[in-house]
Amino acid sequence: MPPYAGGRSGSVAEIIGKGFRPDIQGLRAVAVVSVVLAHAGVPGVAGGFIGVDLFFVLSGFLISGLLVRELEKRGHISLLEFWSRRARRLLPASALVLAATAVSVYVFLPITWRLSALTDIVWSSLFAANWRFALTQADYFADTSQVSPVLHFWSLGVEEQFYFVWPFLVVIAGLVSVRLKSRAHVTIRTTIAVLSAIVCLASFAYSVWILQTNQPMAYYGTFSRVWQLSLGALLAALAPWLT
C-alpha cells in the first residue's frame, strides 16, 4: 500500500484536535438561516442565497483541515475511512428524504410531472443532481409552480463530487512534499496551499467565463463552484500562519 493512501485514521475530533467549534457552527447557522429567509421572501434578505457560497467555503475548510491534520499526524490518509465516514453521515438521511419524496411525487403530483420528478430523484441519489439541473437549464430562481422537489440536492452533489476527488489530490500533494523536502524546506501545508490556490483561481476564472454564456451551468456546475471549496481548503492549509 503506497504512503499517504492507506492505514487507519483516528476520530474526527482527534484529527482536528479542537473538538466542537462554536465559531464554525455559528457561521454555518448564519449561512443556513440566510438561505431560509431568502426563500421565505423576507424583505431585506433577497441576497441570502449567498449563504450557499459561505457553506461551500466552510465545507472546504473543515474537510481539508481534517485531511491535512491526518496527513501530518499519521503520515497517510485512509481514503476508505474518509469515504465511509461521509457515507455514514449522509446516506441514511438522504435516502429517507428521497424515498419519502418519491412516494409523495407518486401520490400528489400530476401524472405529467411524475417522470421528470422521479428522474431528478434518481440523479439526486447518485449525488449528481447539480449536473441534471445544469444540463436541463433549470432556473433556480424561477417563480413557477413546477419546480423539482429535490432542487436543493444540487449543492450536496457539488460537495460530494469535491469530496470524492479532493482526497486524491491531497495525497498527491503529500507525496510531492516528501520528494521536495529533501531538496528544499517544503511542508505538506505548503504544497496543499499551492494546489488549493491553483484550483481556486482556475475554477474562479472558469465561473466568470461560463456565466456569460450559460448561467445555469455557472450556478450548478461543479467546475464553476469548486473555487469556493478550494478557497476553504486554502484557508485550512494556511491556518497556522493566519492565526
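## Salt bridges in the predicted model

Arg21 has a relative accessible area of 18%, and because buried means under 20%, this residue counts as buried. The structure described here is a predicted model, and in it the side chain of Arg21 meets that of Asp23 in a salt bridge, with 2.8 Å from N to O. As background, side chains of opposite charge can pair when their charged atoms come close.

The structure holds six salt bridges, and another of them is formed by Arg189 and Glu72, whose closest N and O atoms are 2.9 Å apart. Since Arg189 lies in helix α8 (residues 188-211) and Glu72 in helix α3, this pair ties together parts that are 117 residues apart in sequence. Arg189 counts as buried, at 10% relative accessibility, whereas Glu72 counts as partly exposed, at 41%. Arg132 and Asp120 also form a salt bridge, with their closest N and O atoms 2.6 Å apart. Here Arg132 belongs to helix α6 (residues 129-135) and Asp120 to helix α5 (residues 111-125), so the pair ties together parts that are twelve residues apart in sequence; both Arg132 and Asp120 are buried.

## The largest nonpolar core

In soluble globular proteins, nonpolar side chains tend to be buried together. The largest nonpolar core of this model has 46 residues, and the members that touch the most others are Trp154, Ile192 and Tyr220. Several helices contribute to this core, with α3, α4, α5, α6, α7, α8, α9 (215-220) and α10 each supplying at least two residues, while α7 gives the most, with ten residues.

Which residues does Trp154 contact when its neighbours within four places in sequence are left aside? Trp154 is then in contact with Val52, Phe56, Ala129, Asn130, Phe133, Tyr140, Tyr219, Tyr220 and Arg225.

Trp123 is placed in helix α5 and is partly exposed, with a relative accessible area of 31%. Leaving aside neighbours within four places in sequence, Trp123 is in contact with Ala128, Ala129, Trp131, Arg132 and Leu135, and Arg132 is the residue that forms a salt bridge with Asp120. The C-alpha atoms of Trp123 and Val150 are 9.6 Å apart in space, although the two residues are 27 residues apart in sequence.

Pro240 is found in helix α10 (residues 222-242), where it is partly exposed, with a relative accessible area of 45%. The C-alpha atom of Pro240 is separated by 9.4 Å from that of Arg189, a residue 51 residues away along the chain, and Arg189 is also the partner of Glu72 in a salt bridge.

## The largest pocket

Rolling a probe the size of a water molecule over the atoms shows where empty space is left. The largest pocket has a volume of about 1,200 Å³, and of the 42 residues that line it, Arg28, Phe55, Ser59, Arg89 and Glu159 are the closest to its centre.

How many residues of each class make up the lining of the largest pocket? By class, there are 26 nonpolar, nine polar and seven charged residues. Helices α1 (12-16), α2 (22-39), α3 (50-74), α4 (79-108) and α7 (153-181) each supply at least two residues of this lining, and α3 gives the most, with eleven residues.

Terms used
Residues are numbered from 1 along each chain as its sequence is written. This is a predicted model: local features need pLDDT of at least 70, side-chain atom pairs count only at pLDDT 80 or more; totals for chains, interfaces and linings use all residues. Side-chain values use heavy atoms; hydrogens and water are left out. On a 1 Å grid over the protein atoms alone, a cavity is a set of points where a 1.4 Å probe fits but cannot get out, and a pocket is an open set with protein on both sides within 12 Å along at least five of seven lines; lining residues have an atom within 4 Å of a point. Grid points are joined across faces, edges and corners, and a volume is the space filled by probe spheres set on the points. Helices (H or I, at least four residues) and strands (E, at least two) are DSSP runs, numbered from the N terminus. Ala, Val, Leu, Ile, Met, Phe, Trp, Tyr, Cys and Pro count as nonpolar, Asp, Glu, Lys and Arg as charged, and the others, Gly among them, as polar. Buried means under 20% relative accessible area, exposed over 50%, partly exposed in between (1.4 Å probe, protein chains only). A salt bridge is a side-chain nitrogen of Lys or Arg within 4 Å of a carboxyl oxygen of Asp or Glu. A nonpolar core is a set of buried Ala, Val, Leu, Ile, Met, Phe, Trp, Tyr and Cys residues joined through side-chain atoms within 4.5 Å. Contact means heavy atoms within 4.5 Å.
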